[in-house]
Amino acid sequence: MSFRSSFLAGLGLVALVSACATTEAPFTQYGEALTLTENTSVSAILADPDAYVGQHLRVEGTVVGVCEMRGCWMAVAGENDGEQLRVKVEDGVIVFPMTAMGLHARVEGIMEKIELTMEEALAQAEHQAEEHGTEFDPSTITGPSVTYQLRGLGAEIENGD
Amino acid sequence: MKKIQWRKWNRLIHRDLGYLCAGLTVVYAVSGLAVNHVRDWNPNYKTTESSFNVGPVTAEDPRSADTVEEILRAGGLGSTYRDTFRRDENTLDIFLDEGRVTVDLPSGEASVEFIQDRRVLQEMNQLHLNQPRGLWTYMADLYAVALLLLAITGLFVIKGKKGITGRGAWLTTVGVLIPLIFLWVYR
């Protein structure tokens with residue numbers, strides 16, 4: 001195969017891959033395609049999280065936080081001030097972009113209850129402080145803790161400008 | 001019967017795979033260095049911070065368009081924004097296309113975080129971590145197999161004192177021992 005024909009074959013491959021990857025959709029998909037059509041309100045979930053544990057849910061809302069280091073979680077706002085639901089995904093399987101903050105997202109996942117021992121809560125707080133570049137203050141953790149999160153399976157995030 | 005010139009084929013495969021893999025190896029190596037130090041810096045985004053003071057925000061609804069636009073104008077940030085979030089009673093987040101403004105409402109102190117993609121490096125990281133999935137998964141598999149072949153054929157490129165039966169044997173042994181020693185130390 002001559003250099004010229006190799007080069008043209010390479011260009012063809014690049015064009016084919018580009019054509020497959022091009023999308024005009026107003027939302028970018030992350031992970032699995034969404035299957036549910038009905039939303040569950042983030043505020044309703046946060047009001048009584050135990051009632052939703054283990055359930056496959058779809059939520060919608062503004063992205064108000066994203067894991068800065070690995071994109072392995074994002075927070076979706078509820079209807080009321082201060083409310084946010086953390087969506088955790090498997091590291092590397094889904095990566096949420098930091099630039100998604102402020103955009104609208106639809107997410108599906110399984111609601112989880114996480115019970116942390118004192119040691120685990122300390123480790124988690126330390127990790128979060130490191131992630132946000134803030135100083136870790138162990139005195140803020142006074143005992144075991146319970147948190148709730150959506151184990152994200154798939155998401156659609158509005159495309160920014 | 002004609003003897004198969006395996007060493008010639010070995011060299012040929014090693015040479016052409018080397019050419020084929022050069023570009024991807026650069027991608028994986030550069031990205032590998034970048035993501036290996038993810039705790040020390042963000043390999044995908046460049047963030048810059050600044051601050052300004054807008055004065056105490058006393059509006060009944062700090063999320064109202066008028067109030068938010070006033071805050072943004074005070075910081076010289078134009079007046080367009082994506083959305084807002086009242087994180088707690090005293091904190092308002094304003095999301096812009098370029099980043100986030102966090103306002104401490106009682107003091108009016110606003111910190112601005114500008115987020116920019118690290119072009120090229122971010123794309124390299126996406127390929128390295130197989131974020132595109134789909135066809136790229138198979139491409140990355142092929143690359144891994146090619147690397148394996150490169151390593152194996154590389155052992156037999158040269159014969160003699162500097163080949164695998166001489167100096168090559170020692171260096172190959174050192175290369176195998178390095179990960180084993182680390183595994184033993186960190187187990």
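In the predicted model, the contact between the two chains involves 24 residues of chain A and 20 residues of chain B. On the side of chain A, the residues that lose the most area to chain B are A:Met69, A:Met98 and A:Met101, which together account for 25% of what that side buries. The area buried between chain A and chain B comes to about 2,100 Å². Carbon and sulfur atoms give 52% of this area.

Polar and charged groups also take part in the interface. Nine residue pairs are in polar contact across the interface of chain A and chain B, with both residues at pLDDT 80 or more. Two salt bridges are found across the interface. A salt bridge links B:Arg86 to A:Asp81, and their closest N and O atoms are 3.9 Å apart. Among the elements of chain A, strand 2 (residues 56-66) gives the most to the side that touches chain B, contributing three residues. Sorted by class, that side of chain A consists of 11 nonpolar, seven polar and six charged residues.

Within chain A, the surroundings of one residue, A:Thr40, were also examined. A:Thr40 lies in the loop between strand 1 (27-31) and helix 2 (42-47). Its relative accessibility is 17%. Buried residues are those under 20%, so A:Thr40 counts as buried. When residues up to four places away in sequence are not counted, A:Thr40 touches A:Ile45, A:Tyr52, A:Leu57, A:Arg58 and A:Val59.

Key: Residues numbered from 1 in each chain as written. Chains lettered and ligands numbered in written order. Predicted model: local features only at pLDDT ≥ 70, side-chain atom pairs only at ≥ 80, totals over all residues. Heavy atoms only, no water. Helix = DSSP H or I, 4+ residues; strand = E, 2+ residues; numbered from the N terminus. Buried < 20%, exposed > 50% of the residue type's maximum accessible area, 1.4 Å probe, protein only. Contact = heavy atoms within 4.5 Å. Buried area = accessible area lost by both parts, 1.4 Å probe. Salt bridge = Lys/Arg side-chain N within 4 Å of Asp/Glu carboxyl O. Polar contact = N/O pair within 3.5 Å; in protein donor to acceptor, adjacent residues only side chain to side chain. Nonpolar A, V, L, I, M, F, W, Y, C, P; charged D, E, K, R; others polar.
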